[in-house]
Structure formats: structure tokens, C-alpha cells
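Visitor: I'd like to go through this model with you. Can we start with how the helices pack?

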Amino acid sequence: MKTIYLAGGCFWGLQKFLDQFEGVISTETGYANGSTENPSYEDVRYKLTGHTETVKIVYDETILPTRKLLSYFFMAIDPVSLNKQGEDEGINYRTGIYYTDESLGADVEAVYHEEEKKAGQKLAVEVGPLENYYSAEEYHQKYLDKHPEGYCHISDALLNLRKTLSEAASASGTHS
């Protein structure tokens with residue numbers, strides 16, 4: 001099992017998006033790389049703690065390789081938007097890829113450079129070791145499962161990507 005931390009705007013939608021993929025063992029919303037210990041949502045949102053809303057992903061790399069997971073992540077974000085995803089704006093909505101396992105660094109850098117080349121400009125996605133991480137309140141865990149009509153900056157098409165890919169594979173006789 002591997003663990004990676006991805007920040008992509010509001011963590012509600014990113015968690016829902018990532019939960020759909022085979023190989024994702026668990027996800028948890030939280031706050032990463034800020035200046036205060038054990039911040040609350042209100043602290044992160046209104047007190048400029050420097051944290052970003054982040055999803056901790058534990059995944060089976062034999063089923064879902066890191067590069068594939070990161071390619072999905074880049075589908076769900078605007079990688080050139082600084083501190084803004086969808087309607088959410090502020091440093092707490094910045095994008096980032098953080099890790100504690102140095103062995104992930106090469107895959108992270110490779111995907112980052114591929115995406116930067118595709119974008120044709122410098123990305124606004126932070127990349128580097130995780131400085132700190134604190135789990136978000138229970139209210140924020142699996143929020144869109146509990147509140148399906150809740151706000152999400154990620155499109156319904158992307159939130160149902162695995163289903164769409166599976167249906168396309170079935171129609172063509174291949175497996176995704």
C-alpha cells in the first residue's frame with residue numbers, strides 16, 4: 001500500500017472523485033502544510049493558517065499505479081489556476097501533491113512535467129514532501145455521499161468517470 005496527499009480545491013469533491021477508482025483503499029479529508037497544529041475548518045477557512053484542504057489516499061499501487069492515480073487527479077483540477085478551483089478561492093483551496101514516501105517522487109515529478117508540457121505553461125500545483133496533515137472533522141468525511149446535492153466544483157461526468165470508462169470498455173469488448 002502507498003499513501004499520497006492530494007489537494008485540489010474543495011476536498012468534498014476530490015474525495016468523491018478519487019473514491020470511485022479501483023485500487024483506492026481509503027480516503028480521508030484533512031488539512032495539510034499549514035502553520036498551526038490541529039486546525040478546525042473555521043481556522044483553515046477564516047484564520048489564514050496556511051493549510052490547504054487535502055485528501056489522504058491509501059491505494060494499492062499494483063492495481064492503481066501512482067502515475068495513473070495522478071493522471072486522474074489532473075483531470076479533476078485546473079492545474080494553472082492559483083489558489084482557486086471552481087467557485088472556491090483562497091490559499092486553502094490551492095492545489096498540491098504531497099508525499100511522505102520518497103519513492104513516489106520520481107512518479108510525481110514525471111507526471112507533473114507531462115502535465116506542464118500539456119498545459120504549455122507553468123503549473124500552479126505545489127509538489128513536495130508533506131510537512132503536516134490533520135484529519136478534518138467527521139462532518140467533512142465522505143460529505144457528498146451523505147449530502148448528494150452538496151456543492152462540488154468537479155463535474156458529474158468526472159464524478160462518474162469510472163462508470164463511464166467501464167461502460168465504454170464493455171461496449172468495445174475491452175477492460176479498463
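Visitor: How close do the axes of helix 1 and helix 3 come, and at what angle do they cross?
Guide: This is a predicted model: local features need pLDDT of at least 70, side-chain atom pairs count only at pLDDT 80 or more, and totals for chains, interfaces and linings use all residues. Residues are numbered from 1 along each chain as its sequence is written, and side-chain values use heavy atoms, with hydrogens and water left out. The axes of helix 1 (residues 11-19) and helix 3 come within 11 Å and cross at roughly 140°. Axes are lines fitted to C-alpha atoms, for helices over the stretch in contact, with angles from 0 to 180 degrees between N-to-C directions.

Visitor: Which residues make that contact?
Guide: Leu14, Phe17 and Leu18 of helix 1 meet Leu69, Tyr72, Phe73 and Ala76 of helix 3. Contact means heavy atoms within 4.5 Å. By class, that is 7 nonpolar, no polar and no charged. Ala, Val, Leu, Ile, Met, Phe, Trp, Tyr, Cys and Pro count as nonpolar, Asp, Glu, Lys and Arg as charged, and the others, Gly among them, as polar.

Visitor: And where do the axes of helix 3 and helix 4 run?
Guide: Helix 3 (residues 66-76) and helix 4 (residues 105-119) have axes that come within 9 Å and cross at roughly 40°. Helix 3 contributes Thr66, Arg67, Leu70, Ser71 and Phe74, among them, to the contact.

Conventions. Helices (H or I, at least four residues) and strands (E, at least two) are DSSP runs, numbered from the N terminus.
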